[in-house]
Amino acid sequence: MKIQTIIPALLAISLAACSDPTSAEESHGHSHAPDGSHVMPGDIKPAMVIQATPSSPEYIQLATNVEIIESVDEAMKGASSTFTHEGYFGPLLFGEELRNYTLRLEPGMFLSEHPHPTESIIYTMGGRWVLCSEGKRQVMEAGSTFHFGSGMPTGWEAPFPEGAEILIFKKKKEGETYQSFTQGIGEMSETLDAQYREGEPFYYHQLAADHPAIQFARMKNPDFDEVLEASKPAAD
């Protein structure tokens with residue numbers, strides 16, 4: 001008898017709560033506009049196109065804290081893309097905890113394995129390249145993606161004539177801003193150039209003929225010698 005009495009009472013309370021707008025708003029945590037959206041009249045600003053600068057690509061400010069880059073491919077070809085001996089770095093969007101950018105690998109580029117302080121998720125937009133980790137190599141093609149953890153050594157190689165376009169997602173460093181990130185790319189370019197002048201290998205032609213990277217490249221690309229030759233003037 002008690003159960004039969006309690007259940008109808010609970011149902012009545014639930015229905016009353018659902019039909020009470022004040023109760024619903026309080027439980028949901030925020031109010032609704034008349035059209036049912038979460039934005040109250042007067043809060044909406046028009047979408048804006050933010051023009052490209054020497055350090056950032058054009059993007060759309062659709063709403064507060066909502067940014068859009070319509071074409072990553074076009075953005076990576078813009079003036080904000082910076083040449084380094086590790087590839088062309090193109091900054092994209094800077095979020096609350098994440099940032100993403102592009103990396104264009106030119107044919108003949110080589111980067112030996114080295115650890116990275118933060119983990120990454122990397123997507124290949126176009127072309128082909130070689131991922132190297134713990135001495136193991138894997139050809140990455142358009143549409144492939146991979147993850148590496150913090151402190152894990154990885155390297156990349158570009159033994160194919162088309163090079164590759166890569167999209168990278170990383171967690172922001174503590175205190176990092178868009179300005180400090182883009183400035184860091186410029187500083188990295190200068191540092192890598194100094195290392196290249198001192199003999200650090202960033203291109204296949206700097207490697208010994210029996211280097212595992214060259215042996216792997218010849219297995220995967222019968223015309224690798226053309227890429228090898230073309231990398232010499234490109235590096236200088």
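Biologist: Which residue stands opposite Val-66 in E3?

Modeller: Please keep in mind that this is a predicted model. As a general idea, the strands of a sheet pair through backbone hydrogen bonds, either parallel or antiparallel. In this case, the residue opposite Val-66 in E3 is Ala-63. Strand E2, residues 59-63, pairs with E3 in the antiparallel sense, over 3 bridges.

Biologist: In what order do the strands of this open sheet come?

Modeller: The order is E1-E2-E3, so described for an open sheet of 3 strands with antiparallel pairing. Its edge strands are E1 (48-50) and E3, each of which pairs on one side only. On average, neighbouring strands of this sheet are turned by 30° against each other, with direction ignored.

Biologist: What is the phi of Glu-134?

Modeller: The phi of Glu-134 is near 55°, again a positive value in a residue other than glycine. Glu-134 is found in the loop between strand E8 (120-133) and strand E9 (136-141).

Biologist: Is Glu-134 buried or exposed?

Modeller: Glu-134 counts as exposed because its relative accessible area is 55%, and the cut-off for that class is over 50%.

Biologist: Is Ile-68 exposed, partly exposed or buried?

Modeller: Ile-68 has a relative accessible area of 31%, and is therefore partly exposed. The reasoning rests on the cut-offs: buried means under 20%, exposed means over 50%, and partly exposed lies in between. Ile-68 belongs to strand E3, which covers residues 66-68.

Biologist: Which residues make the nonpolar surface patch of about 210 Å²?

Modeller: Ile-68 makes this patch together with Leu-62 and Val-66.

Biologist: How many helices and strands does the protein have?

Modeller: There are 6 helices and 12 strands in the protein. Of its 236 residues, 34% are buried. The protein exposes about 14100 Å², and carbon and sulfur atoms supply 57% of that area.

Biologist: What share of the contacts between residues at least 6 apart in sequence join residues at least 24 apart?

Modeller: For this protein, the share is 62%.

Terms used. Residues numbered from 1 in each chain as written. Predicted model: local features only at pLDDT ≥ 70, side-chain atom pairs only at ≥ 80, totals over all residues. Heavy atoms only, no water. Patch = residues over 30% accessible without salt bridge, like charges linked within 9 Å, V, L, I, M, F, W, Y side chains within 5 Å. Areas by Shrake-Rupley, 256 points an atom, 1.4 Å probe, with all protein chains shown as cover. Salt bridge = Lys/Arg side-chain N within 4 Å of Asp/Glu carboxyl O. Helix = DSSP H or I, 4+ residues; strand = E, 2+ residues; numbered from the N terminus. Buried < 20%, exposed > 50% of the residue type's maximum accessible area, 1.4 Å probe, protein only. Pairing = 2+ DSSP bridges. Axes fitted to C-alpha atoms, helices over the stretch in contact; angles between N-to-C directions. Contact = heavy atoms within 4.5 Å.
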